[in-house]
Amino acid sequence: MRHETGVDDVGPLPRAGTPAGSAGLRSLPRPVAVVVGGGGVLGAAHVGAGYALERCGFAPDMVFGTSVGALNGAIAAARPGEAAAWLDQVYTRLSRRAVFPFGYLSSRGRGLFDDRGLRRLVAEAGLPARIEDLALPFTAVATDLMTGAPVLLDHGDLTSALLASSAVPGLFPPVLRGGRTLVDGGAVAYVPVRAAWQAGAASVVVLSTGPEGSPPRPGSVPRRAGAVAVRAGSLLLRHQIERDLEEAARRVPTVVLPTGVESWPAPWDFRRSRHLVDAASTAAERFLARLRVDGPGLYRDEAGPAKTETAS
């Protein structure tokens, strides 16, 4: 399998939205899936990448999402070609308290926070009641808490599917659905590319976020307990993401859009949403303008590693 940027480094960049800017996307074999990863507020970068795709006139055939990527993906599946502007308004107006209400413990005792904020977000999105009623085929990925198996939610009640995919263990309560106890899909499929090609996608466009999508930044070893835990968790997620991307890329063209973000906020810090949207929009447009696809492989911008704004 080839590892390449899939980007030509010669010639001026065409203006965003011109036919040349979407040549690589147009060459992707159908059906093509958009895959949206997890990451809390880091999902604002999905919005910027979504702007770039919409300006190219790109329309996927199916959408797969995990955690916040499931919510973003469901809105994209409900509003093909016009989801980015709607999501932009959501992210740039959200506050931490609206989603992660620190100080308000869950009354059910199965998560640190109540999921009423998530429920309100889903309700305000104006989505249909059932997954089958979305404009595009959509799958939310959750994890079976008892078996550890990935659970693909592609039919039935949409709200419970999105809550299950976003139920970060320990933070939000698990969701009971179909006799199973479900939690955040990121535990087994932070970027659900395997689900996409297993469902028949002939190519994949990945909108992933966060520092886990970049090589670890060299530096001193963290000393505080919290920083050690964050570092170890990031390494585990990166290993999972890279494993799944490699497996998908051996079978189908797998395009990973860059975010252009060099300094990531904490997943609950919505003050940087505007920056995340703008940085990802610019980076993804530049990447797509030069993208060339030639068979199965991993097509991504091999830019430098990102850093995270966390205490060391």
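## Reading the model, feature by feature

Tutor: Ser67 has a relative accessibility of 9% and therefore counts as buried. Please keep in mind throughout that this is a predicted model.

Student: Where is Ser67 found, and what is its phi?

Tutor: Ser67 is in the loop that connects β3 (62-66) to α3. Its phi is positive, at about 60°, although Ser67 is not a glycine.

Student: Which peptide bond is cis?

Tutor: The bond from Arg30 to Pro31 is cis, with omega near 0°. Pro31 belongs to the loop between α1 (23-26) and β2 (32-36).

Student: How should I read the pattern of buried residues along a helix?

Tutor: The general idea is that an α-helix has 3.6 residues a turn, so residues three or four places apart point the same way. In α4, the buried residues are Ala83, Ala84, Leu87, Asp88, Val90 and Tyr91. They span an arc of only 170° around the axis, and therefore lie on the same side of α4.

Student: Against which elements do the buried residues of α4 pack?

Tutor: They pack against α2 (44-55), α3, α6 and α11 (273-290).

Student: Why is helix α7 described as largely enclosed by the rest of the structure?

Tutor: Helix α7 covers residues 158-165, and seven of its eight residues are buried, so the rest of the structure largely encloses it. The buried residues are Leu158, Ser160, Ala161, Leu162, Leu163, Ala164 and Ser165.

Student: What is found at the start of α7?

Tutor: There, a side-chain oxygen of Asp157 comes to within 2.7 Å of the backbone nitrogen of Ser160.

Student: How many residues of the lining are nonpolar, polar and charged?

Tutor: The lining of the largest pocket has 29 nonpolar, eleven polar and two charged residues.

Student: Let us turn to single residues. Is Thr143 buried or exposed?

Tutor: Thr143 has a relative accessible area of 5%, so it is buried. This residue lies in strand β4. Leaving aside neighbours within four places in sequence, the residues in contact with Thr143 include Gly148, Ala149, Val151, Thr181, Leu182 and Val183. Asp184, Gly185, Ala187 and Val188 are also among the contacts of Thr143.

Student: Where does Glu132 lie?

Tutor: Glu132 lies in the loop between α6 and β4 (138-144). Its relative accessibility is 43%, so Glu132 counts as partly exposed.

Student: What does the side chain of Glu132 reach?

Tutor: It reaches the backbone nitrogen of Gly156 at 2.9 Å. A polar contact of 3.1 Å also joins the side chains of Glu132 and Arg130. Not counting residues up to four places away in sequence, Glu132 touches His155 and Gly156.

Student: How far apart are Glu132 and Asp154 in sequence and in space?

Tutor: They are separated by 22 residues in sequence, and their C-alpha atoms are 7.5 Å apart in space.

Key
Residues numbered from 1 in each chain as written. Predicted model: local features only at pLDDT ≥ 70, side-chain atom pairs only at ≥ 80, totals over all residues. Heavy atoms only, no water. Buried < 20%, exposed > 50% of the residue type's maximum accessible area, 1.4 Å probe, protein only. Helix = DSSP H or I, 4+ residues; strand = E, 2+ residues; numbered from the N terminus. Polar contact = N/O pair within 3.5 Å; in protein donor to acceptor, adjacent residues only side chain to side chain. Nonpolar A, V, L, I, M, F, W, Y, C, P; charged D, E, K, R; others polar. Arc of directions from axis to C-beta. Contact = heavy atoms within 4.5 Å.
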